[in-house]
Amino acid sequence: MDGIRHLIGVSDITTSWWNSLFSLCREIIAHPQDYSDANRGKVMASLFFEPSTRTKFSFQAAMLRLGGSVFGFENANDTSASKGESLADTIRMTSAYSDVVVMRSPSEGAARAASLYSEVPLVNAGDGGHQHPTQTLTDLATLAVTRGEIRDLTVGLCGDLRYGRTVHSLVEALAKFPNIRFVLTAPPELAMPDYVTRFMRARNLTFTEVPTLDDALPQLDVLYMTRVQRERVIQSATQSTMEYSDDFILTRDKLARAKRDLTILHPLPRVNEIAPEVDLDPRAKYFDQARYGMYIRMALLLKLCAQPRTAPEPVAVGGAKCANPACITRREPYLPDLRNDDGGCGYCDVN
Ligand code: NCD
């Protein structure tokens, strides 16, 4: 599919590939009945080693609406991974049974690691606090449908920018579109990680950091809200922030200062960072966003399932080293050393 075998990170999403995926998505939205058998006989392995409702159901619904089938487990504790099986062996086995593997893991870089052992396309449905490329496809689809061409936008990212993987992926993806500026608003302990701000500087992206949502709102075309990633904050001994102060909560009063054509997005689930009365505002697009997520995943699964099964290239055994305690290489010692373009870890991108 235009050179893409696996969807692991946003660097896999080229502009031409995005355009072809999005035009297929538009076709599916316009004529869903034409696609109801398109993946008949194809099977998706759904491996969610971390809790998920939206992403998991969205993928499952997408595959079922294409006439395909799905297998997976309800609870990661019921799998052989809990008996000590390696990720490599789990993927060798599940990819032998399926035509596409969709995987979510609490470990950063797990999807890259899994792809080394998969006979079929592998999709990253979230790897720890690292990346979430199909949420990014969802976000881009929502922007493209609601705003037309993606260009000339001031995009506010608000909330837990440190542990929220969706914003990391979104920044990287929007960097490929013309004239996008970012306004970052986060509690200091939850500020954007260095590797993302380094990326923005290296790409000459304009970004400012402002202390409150009130300060950010008037200039924004798009506001992307996120919840505190409690499950990741808890794991970090240095973090105490579990709830936002009012500065990071969107209310109807604050919206009075925003542009009339603002687009408000949220990957969901929401906790308290968007007051319920905001749902009634026509600028709130987060529930539409969830639906576009299913359609864009239908387009993705259609393209990926059309690929032939291919034995993975042999890889070296052992040698990976990474300073990030959440990196998959700390759990799976047989992984080979991989580097990214900046010389950082080829699994989780930490330098
Ligand atoms: C996001 C995720 O899993 O990272 N949710 C999602 O994919 N729908 C955001 C979140 O959990 O806060």
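Reply: Let's start with a pair of helices: the axes of helix 2 (residues 54-65) and helix 11 come within 8 Å and cross at roughly 60 degrees. This is a predicted model, where local features need pLDDT of at least 70 and side-chain atom pairs count only at pLDDT 80 or more, while totals for chains, interfaces and linings use all residues. Residues are numbered from 1 along each chain as its sequence is written, and side-chain values use heavy atoms, with hydrogens and water left out.

Me: How are the helices and their axes defined, and what does the angle make helix 2 relative to helix 11?

Reply: Helices (H or I, at least four residues) and strands (E, at least two) are DSSP runs, numbered from the N terminus. Axes are lines fitted to C-alpha atoms, for helices over the stretch in contact, with angles from 0 to 180 degrees between N-to-C directions. Under 35 degrees counts as roughly parallel, over 145 as roughly antiparallel, 65 to 115 as roughly perpendicular, and the rest as oblique. Helix 2 is therefore oblique to helix 11.

Me: Which residues of helix 2 and helix 11 make the contact?

Reply: Contact means heavy atoms within 4.5 Å. Helix 2 contributes T55, S58, F59, A61, A62, M63 and R65, and helix 11 contributes G293, M294, R297, M298, L300, L301 and C305.

Me: What about helix 1 and helix 11?

Reply: The axes of helix 1 (residues 15-30) and helix 11 (residues 286-305) come within 9 Å, crossing at roughly 115 degrees. That makes helix 1 roughly perpendicular to helix 11. Residues in this contact include W17, W18 and F22 of helix 1, and Y292, Y295 and M298 of helix 11.

Me: What does the side chain of T90 make a polar contact with?

Reply: A polar contact is a pair of N or O atoms within 3.5 Å; within protein, one must be able to donate a hydrogen and the other to accept it, and residues adjacent in sequence count only if both atoms are side-chain atoms. For T90, the partner is the side chain of E85, at 2.7 Å. Leaving aside residues up to four places away in sequence, T90 touches F49 and E85.

Me: And where is N75 found?

Reply: N75 sits in the loop between strand 2 (69-72) and helix 3. With a relative accessible area of 33%, N75 is partly exposed.

Definitions and conventions. Buried < 20%, exposed > 50% of the residue type's maximum accessible area, 1.4 Å probe, protein only.
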